[in-house]
Each structure stands twice: as structure tokens, then as C-alpha cells.
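Student: I am new to this structure and should like to learn how to read its features. May we go through them one by one?

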Amino acid sequence: MTEELHIVGGGMAGSEAAWQAARHGVSVVLHEMRPQRGTFAHKTGNLGEMVCSNSFRSDDDEQNAVGLLHWEMRAADGLVMTTADRHRLPAGGALAVDREPFAEDITGALRAHPNVRVSHEEVTELPDEGQWIFATGPLTSEALGAAIARETGSEALAFFDAIAPIVYAESIDMSQAWMQSRYDKGETEDERRAYLNCPMDRATYEAFVDALLAADKTEFHEGETAGYFDGCLPVEVMAERGRETLRHGPMKPVGLTNPHKPEEKPYAVVQLRRDNALGTLFNIVGFQTKMKYGAQTEVLRMIPGLENARFARLGGIHRNTFLNAPTLLDDRMRLRSRPNIRFAGQITGVEGYVESAAMGLLAGRLAAAEMGGGSLAPVPQDSAHGALVHHITGGAEAKTFQPMNVNFGLFRPLEGLRGGRKGRRERYKAYTDRAKAAWTDWLATQAPAAAAAE
Ligand SMILES: Cc1cc2nc3c(=O)[nH]c(=O)nc-3n(C[C@H](O)[C@H](O)[C@H](O)COP(=O)(O)OP(=O)(O)OC[C@H]3O[C@@H](n4cnc5c(N)ncnc54)[C@H](O)[C@@H]3O)c2cc1C
């Protein structure tokens with residue numbers, strides 16, 4: 001194989017992609033702009049630098065979707081996960097790492113690999129020729145961001161995320177909530193019932209506004225400004241503007257009739273909208289927020305119907321460059337308009353160190369297989385990698401697409417298992433068993449190529 005694979009960005013995703021492709025016999029040039037050009041969050045010139053917390057979250061591969069992703073990455077000889085294991089710090093059930101030696105080891109391993117060349121430079125264009133993976137992350141440099149926007153259209157590339165909390169459908173109390181679109185709008189029955197509504201009486205609304213005002217909030221990082229969320233205000237900022245603002249905004253009670261209490265007009269209504277094609281996840285409409293995670297769960301569980309809500313992800317507002325992947329990328333993570341270019345990591349609309357590295361692992365393997373003249377079997381949808389890549393490249397609602405963590409709501413439901421809180425342990429174990437089997441089978445189809453490359 002004489003052609004080189006160019007990977008732009010040596011963070012979580014780019015480092016993992018380079019490792020996977022190199023181990024499959026591909027010559028890789030890894031272009032990383034640091035230390036010549038920095039970002040507001042990175043501190044060093046190392047590859048695989050963790051920009052904030054030092055945690056890869058839960059390491060439980062039977063009951064937690066991110067722990068399952070760890071398991072799958074270890075099974076695929078992932079550089080990020082095996083290096084994290086060597087620098088593990090005590091953290092209960094979580095995988096926390098000693099960040100500096102971790103990044104030094106990632107850098108050392110890639111520099112030492114005979115198939116990898118690291119080039120410290122900023123890439124500012126999407127090249128017409130050659131095979132490329134762009135893994136430039138949430139803080140993609142400005143010039144490259146502009147080049148991507150020129151290719152994709154500016155509406156398909158976001159520069160910040162404003163994530164409304166996402167709830168597992170099965171944890172919503174439907175004896176209080178109901179499905180209805182405002183004024184029953186819509187051509188089909190599905191459209192007329194597109195929203196899930198949670199009603200509030202006056203006392204609940206007043207208490208809710210008080211709690212929003214009192215809740216602990218995070219500050220913006222340096223380099224982020226409130227200007228990023230013009231037109232997309234955090235819910236607590238709306239509450240600060242006046243006690244009635246929410247009731248005239250996302251919580252307006254008009255055009256809706258509560259079938260549980262048809263004679264009682266709600267004082268305010270919180271609406272949730274389907275977040276994936278499977279119908280297992282709902283986002284709370286207009287509830288992007290800077291409330292800290294602990295405060296957020298407490299406040300949101302004051303909403304009638306959400307008292308026992310479990311959250312697939314909590315809300316947030318961050319500086320974040322990401323693509324509208326469901327419309328732009330094919331199921332092999334290639335840009336539909338320029339198939340010589342793949343994207344990986346947080347820029348594809350996943351969120352988190354682990355998810356970003358996982359998307360790098362897939363992109364590296366997919367590119368290596370294609371460059372070797374072959375093609376991998378589709379990534380199994382029942383694995384954690386498959387559930388995530390399927391979500392970002394097609395399963396998610398494109399119109400409201402926001403970055404996603406891995407979670408069991410992305411997995412195809414299993415028939416015949418007990419629903420609700422009581423059945424959870426058994427259900428998650430069944431998901432993780434199914435995922436491990438699917439992932440192991442998929443890796444086995446690539447074993448000969450991997451062995452040949454070593
Ligand atoms: C401030 C902040 C805090 C975060 N905190 C956490 C956290 O605590 N836990 C968590 O799980 N996730 C966190 N994230 C989210 C995210 O998961 C991480 O940013 C993760 O590192 C993303 O991996 P990545 O490989 O996609 O991007 P990165 O790890 O950021 O890697 C991208 C790389 O591309 C380089 N680059 C950018 N543009 C160019 C260019 N034009 N040419 C060449 N190189 C370029 C950058 O220097 C960088 O090294 C945070 C994000 C931000 C912005």
C-alpha cells in the first residue's frame with residue numbers, strides 16, 4: 001500500500017484513528033497544530049491531551065453504556081483505552097487516569113510506530129486529493145472551520161452546542177403526561193401526537209421558577225461568550241428576565257388539553273420531543289441550560305411526570321464545532337459530497353473523550369480497509385460503537401441534532417424483557433451481552449488484515 005492516510009488532529013479521535021490505521025499496515029501522517037497553534041483548553045503539545053476532567057467515566061461493562069464502549073475498545077486493541085489502563089488512578093467504579101503520563105505515552109507510542117509520522121502544522125483546507133480523516137474536535141481552528149462551512153453550508157456546521165436534557169422515554173410517568181402537538185397540528189396521527197406534554201399548576205410553576213433562579217450554574221470558559229447563544233437562551237436566563245417569560249416562551253400552555261384532567265387548564269406546560277427514530281429518547285424543548293448537573297436533575301424532577309426521570313444526557317452550552325452528521329456523513333463516516341474525506345471524534349456530533357476516541361477507532365479501521373482495497377462489514381448496530389455511529393449518521397433527528405453521549409437509549413430494544421426501573425439490571429446485562437457478541441464477531445472478520453500488518 002503506497003498511499004498515505006492523512007489524519008488532522010491528534011486528540012482523542014485522531015490519535016486512536018492513527019493507531020488503528022497504522023496497525024492495519026497503512027502509512028499515516030498525523031497533522032497536529034499544537035504546540036505552534038494552541039486552543040483555549042489545551043495546555044501542551046502532546047497528543048491525546050485531556051482538556052478538562054481526568055475521567056473516562058464508568059468502567060462497568062455490564063450495566064453502563066460507556067463502560068461497554070471501554071470493553072469494546074480494549075477488545076480492538078485501542079490505544080486510548082490500553083494506555084488509560086496503564087495510568088489508572090483509584091476512582092471507585094470510574095476509570096480516572098493520571099493525565100500527563102497518559103498523554104506522554106500516547107505521544108510516545110505514536111511517534112515510535114514505524115507507520116506513523118507526526119507533522120506539527122495547522123491544516124486550513126479540505127484537500128481534493130488523497131485519503132483524509134478530520135478529527136479536529138470541538139475547538140477546530142478558525143480557518144479550517146471556515147473551509148468546512150464552505151463545503152457543507154454554514155447551517156450544517158455549528159460552533160457551539162446548546163443541549164437540552166434528554167430523558168429516557170420509559171422513565172416518564174404517562175399517568176400525568178400526554179402526547180399532543182399544539183392545536184393538534186399535523187397531517188398524520190404521528191405528527192398530531194409529536195410532543196409529550198407535562199402540565200404545571202400555578203404553585204408548581206412558581207416553585208419551579210424559584211428553583212431555576214437559585215440553582216448552581218457553571219461559568220463560561222475563557223474564549224466562550226454569551227454571544228454564542230443568541231436566540232438560544234438558557235432556560236435559567238429566560239427565568240431571570242421575568243417570572244412570566246417562560247410561560248410566554250417554551251412553557252406556554254396554549255393549544256393543549258390535558259386528557260387526564262380535561263376540565264383544568266394547565267398554568268404552564270413543559271414539552272418534550274422525540275430525539276431518535278427508535279422513540280426511546282425525548283429532549284425537553286427549549287431547556288438548554290448552564291445549570292450544574294446535580295442542580296439540573298433536582299430542578300427537572302420538579303416537572304410533573306418527570307419525578308422519576310432518568311437522563312440519557314443532561315443539558316449544557318459549550319463552545320463546540322460539530323457537523324450535522326445525519327445529513328452530511330454516510331454510514332462509513334465519509335463526507336457524502338467528498339468521499340475521500342472522513343470525519344471522526346467530537347466534530348461528528350458525539351460528546352466525550354471516550355465517544356470521540358471510539359469514533360476515531362472506527363474511522364481508522366474503515367479508512368484502512370478501504371485503502372487496502374477491501375471494505376469492512378457494516379459496524380454492528382447492536383454494539384456500542386455501532387449504536388453511536390448509527391445514531392449520528394442516520395438514527396438521530398437531523399433538524400434538532402445535538403451532540404450525543406453513548407447511552408442505552410441508542411440501542412435497539414430487546415423483545416421479551418421486563419420494562420421500567422425493576423427490569424433495568426436484567427435489560428442492561430442483555431444489551432451488553434448482545435453488544436459484546438456482535439462486536440467480537442465484527443472484529444473477527446478483520447483479524448487476518450490486522451495480523452498481516454503486524
Ligand atoms: C473546554 C472543554 C472541556 C471538555 N471537558 C470534557 C470532559 O471533562 N470530559 C469529556 O469526556 N469530554 C470533555 N470535552 C469534550 C470532548 O470530548 C473532548 O474535547 C475530546 O477531547 C474530543 O476529542 P476529539 O479528538 O474530537 O478532539 P480533541 O481532543 O480536541 O482533538 C482535536 C485536535 O485537533 C487539533 N486541531 C484543531 N484544528 C486543527 C487544524 N486545523 N489543524 C491541525 N490540528 C488541529 C487540536 O489542537 C486538537 O489536538 C470537553 C470539551 C471542551 C471544549
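Student: Which residues is Ala18 in contact with, leaving aside its neighbours within four places in sequence?

Tutor: Contacts of this kind are judged from C-beta atoms within 7 Å. In this predicted model, Ala18 is in contact with Ile7, Val28, Leu30, Leu110, Val116 and Gly364 once those neighbours are set aside.

Student: Which residues have the most contacts inside the largest nonpolar core?

Tutor: They are Ala18 and Ile133, and the core has 83 residues. Helix H11, residues 353–371, gives the most to this core, with 12 residues. Another core, of 38 residues, lies apart from it; Cys198, Leu272, Ile284 and Leu306 are among its members.

Student: How many residues of H1 are buried?

Tutor: A residue counts as buried if 20 or more other C-beta atoms lie within 10 Å of its own. For H1, 12 of its 12 residues are buried, including Glu16, Trp19 and Arg23. Just after H1, Gly25 takes a positive phi of about 90 degrees.

Student: What span should helix H1 have?

Tutor: At 1.5 Å a residue, the 12 residues of helix H1 (residues 12–23) should span 16 Å. Its end C-alpha atoms are 17 Å apart, which agrees.

Student: Where is Gly9 found, and is Gly9 buried or exposed?

Tutor: Gly9 is found in the loop between strand S1 (4–8) and H1. Gly9 is buried because 33 other C-beta atoms lie within 10 Å. Its contacts beyond four places in sequence include Gly14, Glu32 and Phe134. An unreviewed UniProt entry lists Gly9 and Gly14, among others, under "binding site".

Definitions and conventions: Residues numbered from 1 in each chain as written. Predicted model: local features only at pLDDT ≥ 70, side-chain atom pairs only at ≥ 80, totals over all residues. Core = buried A, V, L, I, M, F, W, Y, C linked by C-beta atoms within 7 Å. Helix = DSSP H or I, 4+ residues; strand = E, 2+ residues; numbered from the N terminus. Contact = placed C-beta atoms within 7 Å. Expected span 1.5 Å × (residues − 1). UniProt positions renumbered as here; feature names shortened; annotations may be inferred.
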